[in-house]
Amino acid sequence: MTLAIIGTGNMAKGLATVFSGNAIVFGSRHPSEAASVASGFGVSVSAASIPDAVAKADIVFLAVPYDAAAAVVKAAGGLAGKIVVDLTNPMKADFSGLAIGFSTSAAEEIARLAPQAKVVKGFNTLFASVLQNGGKVAGTPAAVLLAGDDAGAVAQVEALVKAAGLKAIVAGPLAASRNIEAVAALNIGLGYGQGKGTDIAPTWVGI
Ligand SMILES: NC(=O)c1ccc[n+]([C@@H]2O[C@H](COP(=O)([O-])OP(=O)(O)OC[C@H]3O[C@@H](n4cnc5c(N)ncnc54)[C@H](OP(=O)(O)O)[C@@H]3O)[C@@H](O)[C@H]2O)c1
């Protein structure tokens, strides 16, 4: 299983941490700079251009700003047939809330940009620092809320999440991303607006 992580920022590093048992390639606009990021993660982690990373991957993670998604889909050549995990949060510039919602979501908009990709929402409710610390909060595996219209793609991402030692909660079709993105906005509000910090994560009990 080869994972492409598009981006080399906070979430990209967090994903590389929790998925350390897999072959990983960072896809970047700046492959040589990405190579130095990759070198910090061991021999199974490499770097490439965005299209080269996508070509090698079974699953592609979009660890880029929501506003960059269209450019990434274009750079990747459309992402046809790929499982694409969208972890973007379409926050307003001042982080006071979501810029879109109720009638659509970042995940659904990305699915429209890449209609031949199998888009799965996930990881957006977890702070990057939680992933960089190994995916546990207060000693408990963090929960990854998942949504998608392709059941097989969701099942593959769910299996990957569980193999990484995290809890997976499948929330339904891709439109459930509207709610998942709202949960992430609440998490950001608690972490920053209410001063609870970033060592927190939302979950459900009884599932
Ligand atoms: N930070 C968090 O705690 C957190 C939590 C949940 C979800 N998220 C979401 O995760 C995504 C990434 O957040 P982050 O905190 O990791 O951001 P970040 O640290 O700023 O990193 C974003 C990465 O995206 C790439 N990028 C930026 N503009 C791009 C463009 N126009 N085209 C292609 N690639 C571009 C850059 O990689 P290269 O320069 O290597 O190309 C950059 O390293 C965002 O959508 C955010 O809402 C973040």
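Reply: Happy to; we'll take some labels in turn, keeping in mind that this is a predicted model.

Me: Why is E108 called buried?

Reply: Buried means under 20% relative accessible area. E108 has a relative accessibility of 11%, so E108 counts as buried.

Me: And why is R178 called partly exposed?

Reply: The class runs between the cut-offs of 20% and 50%. R178 comes out at 26% relative accessibility and therefore counts as partly exposed.

Me: What makes E108 and R178 a salt bridge?

Reply: The nitrogen must lie within 4 Å of a carboxyl oxygen. In E108 and R178, the closest N and O atoms are 2.7 Å apart, and the two form a salt bridge. E108 belongs to helix α5 and R178 to helix α8, so this pair ties together parts 70 residues apart in sequence.

Me: Why is R112 called exposed?

Reply: Exposed means over 50%. R112 has 54% relative accessibility, so R112 counts as exposed. R112 also forms a salt bridge with E109, with the closest N and O atoms 2.8 Å apart. Both lie in helix α5, three residues apart, about one turn of the helix.

Me: How do you know that A34, V37 and A38 of helix α2 are on the same side?

Reply: These three residues are buried. They cover an arc of only 95° around the axis, which puts them on the same side of α2. On the other side, S32 and E33 are exposed.

Me: What do the buried residues of α2 pack against?

Reply: They pack against α1, β2 and β3.

Technical notes
Residues numbered from 1 in each chain as written. Predicted model: local features only at pLDDT ≥ 70, side-chain atom pairs only at ≥ 80, totals over all residues. Heavy atoms only, no water. Buried < 20%, exposed > 50% of the residue type's maximum accessible area, 1.4 Å probe, protein only. Helix = DSSP H or I, 4+ residues; strand = E, 2+ residues; numbered from the N terminus. Arc of directions from axis to C-beta. Contact = heavy atoms within 4.5 Å. Salt bridge = Lys/Arg side-chain N within 4 Å of Asp/Glu carboxyl O.
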